[in-house]
Amino acid sequence: MVSSLRLPALTSLFSPSFTRCSTVSLRRRIHLLPPLAAGFSAQSAASSPPETEDRVDNKKSSRVQDGAKTDRVITSRSQDFNAWYLDVIANAELADYGPVRGTMVIRPYGYAIWEAIQDYLNVKFKETGHSNMYFPQFIPYSFIEKEASHVEGFSPELALVTIGGGKELEEKLVVRPTSETIVNHMFTQWIHSYRDLPLMINQWANVTRWEMRTKPFVRTLEFLWQEGHTAHTTPEEAEKEALQMIDVYTKFAYEQTAIPVIAGRKSKVETFAGADKTYTIEAMMGDRKALQAGTSHNLGQNFSRAFGTQFTDENGQRQHVWQTSWAISTRFVGGIIMTHGDDAGLMLPPKIAPIQVVIVPIWKKVDEKTGVLNAASSVAAILKTAGLKVKLDDADQRTPGWKFNFWEMKGVPLRIEIGPRDVSSGSVVISRRDVPGKQGKIFGISMEPSVLEAYVKDRLDEIQSSLLQKAISFRDSNIVDVSSYEELKEVISLGKWARGPWSASDADELRVKEETGATIRCFPFEQSQGTKTCLMTGNPAKEVAIFAKSY
């Protein structure tokens, strides 16, 4: 049973004479929009702001009613993970549904997270020799048909344009599901000699795939991504490139988003349509499902042979190029939410957070306001000068308690509180988003610039490290080594990941999927030594595979 706590109108609780004591006692529970079966918001979350009440110690969810107002709730993760996820997206103002089924509108705060991802990866792509460019989103259908496995793999997801300018088109056009085909068409025109290679490009673009079952950020009809494409003279160069880029993704996941992905090779069944090999980073979400967070494909010569993409080598012989492609999408934003979020809302690693520090000024009397705001502005200037992303919330329309809950829900890593007594003592109060309650609150931190800057930067580093270690512990405690198919089925039925030796057939792999709902997520790069016996057939096995249910 979900318990609820009825309160009088919140305006009577949050009068202008609002002290830190009352703030602390009332701030701990967030109340947000109700989960919706058909969508994750009935209206803009900004029109229904969060409210506060005393914490209700309930493992499910807490509700509040204000007169005739509709109940507002953020669902507990343990009660309904999917409803919790949609609540967080709506109320943290990350995204909303578009008017076309399966599409989403990425709101400024959600897009700022995507921009942080872009900023980091753009630097890494250029450091590794890639240049940004852009290809058209309309692709002739005949291009898709040229690579047999490619068209077979993508056909159910294609969006087609058959009419343009009021007339039926001579050839239908595909709205970009991925760009290997059009890239090869252009590469064929640009590559003539070995001197033109390697050719290494990246584009930031939108992609359309007609998904039947959608989930904001994780699986939508249209999404944003980057896709890299390279052409090389030898298979060794292509393989090196594919591995290099999955390593870039792995480091990004660990160092920037605090998500401890497992990097490895996809099985033949799970390999990208048109690739020889697919490398992946697999992340464990808070509900223990796997999320394919990024992929890098060694395409071999499959597309170059289909499109005739050739070069003249140093001996004057015509050769087909060897290629790769690799991508990360806005799906990663969903991964961040589902890895780190809690019942209070979003929890963002500092390196990826649009706002790293929020400053909330607190005053009781009118004559205290100017001094508090001046001190808060000074603190904001100090931290901005130090290169930190800072928000000073000096709005008069909301109480400090409301602000505490709001910015906690939006996942801001650190909150600085400044009241009249802090101004007098030249200090501030700092609260950590990842450590709830009094344990995460430190009093008396000096406003002296060098002291404050050092303290805040150290705490942000601690939060980044703490989130990663917590995610690693959660992941490792939910991966179970198995040696038989019966053990695998038992582990999967418990919602965990199963890891065991595998050398069975594609048919056996499909049987596992049919009977358990789990797939081979990857053959991890990190493999244990010693002899291995396939958990399905009893035959010798060279590698262990990880099985899990996934998004």
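This dialogue covers a helix pair and the cavities of a predicted model.

Colleague: How is a pair of packed helices described?

Modeller: Two values describe packed helices: the angle between their axes and the distance between those axes. Here, take H15, residues 485-493, and H16. Their angle is about 40°. Their axes lie 11 Å apart.

Colleague: What does that make H15 relative to H16?

Modeller: Oblique, because angles under 35 degrees count as roughly parallel and roughly perpendicular covers 65 to 115. The angle of about 40° therefore makes H15 oblique to H16.

Colleague: Is the crossing of H15 and H16 left-handed or right-handed?

Modeller: Right-handed.

Colleague: Which residues of H15 and H16 meet?

Modeller: H15 brings Tyr485, Leu488, Lys489 and Ile492. From H16 come Arg511, Val512, Glu515 and Thr516. Sorted by class, this contact has four nonpolar, three charged and one polar residue.

Colleague: Now the cavities. How many of 30 Å³ or more does the structure hold?

Modeller: Two. The largest cavity has about 40 Å³ of space.

Colleague: Which residues line the largest cavity?

Modeller: Val269 and Glu270 are in the lining, along with Glu509, Leu510, Lys513, Thr519 and Ile520. By class, three are nonpolar, three charged and one polar.

Colleague: Which elements each supply at least two residues of that lining?

Modeller: Helix H16, residues 506-516, and strand E24, residues 519-524. H16 gives the most, with three residues.

Definitions and conventions:
Residues numbered from 1 in each chain as written. Predicted model: local features only at pLDDT ≥ 70, side-chain atom pairs only at ≥ 80, totals over all residues. Heavy atoms only, no water. 1 Å grid on protein atoms, 1.4 Å probe; cavity = no way out; pocket = protein on both sides within 12 Å on 5 of 7 lines; lining within 4 Å. Points joined across faces, edges and corners; volume = space filled by probe spheres on them. Helix = DSSP H or I, 4+ residues; strand = E, 2+ residues; numbered from the N terminus. Nonpolar A, V, L, I, M, F, W, Y, C, P; charged D, E, K, R; others polar. Axes fitted to C-alpha atoms, helices over the stretch in contact; angles between N-to-C directions. Parallel < 35°, antiparallel > 145°, perpendicular 65-115°, else oblique. Left-handed = near helix turned anticlockwise from the far one by under 90°. Contact = heavy atoms within 4.5 Å.
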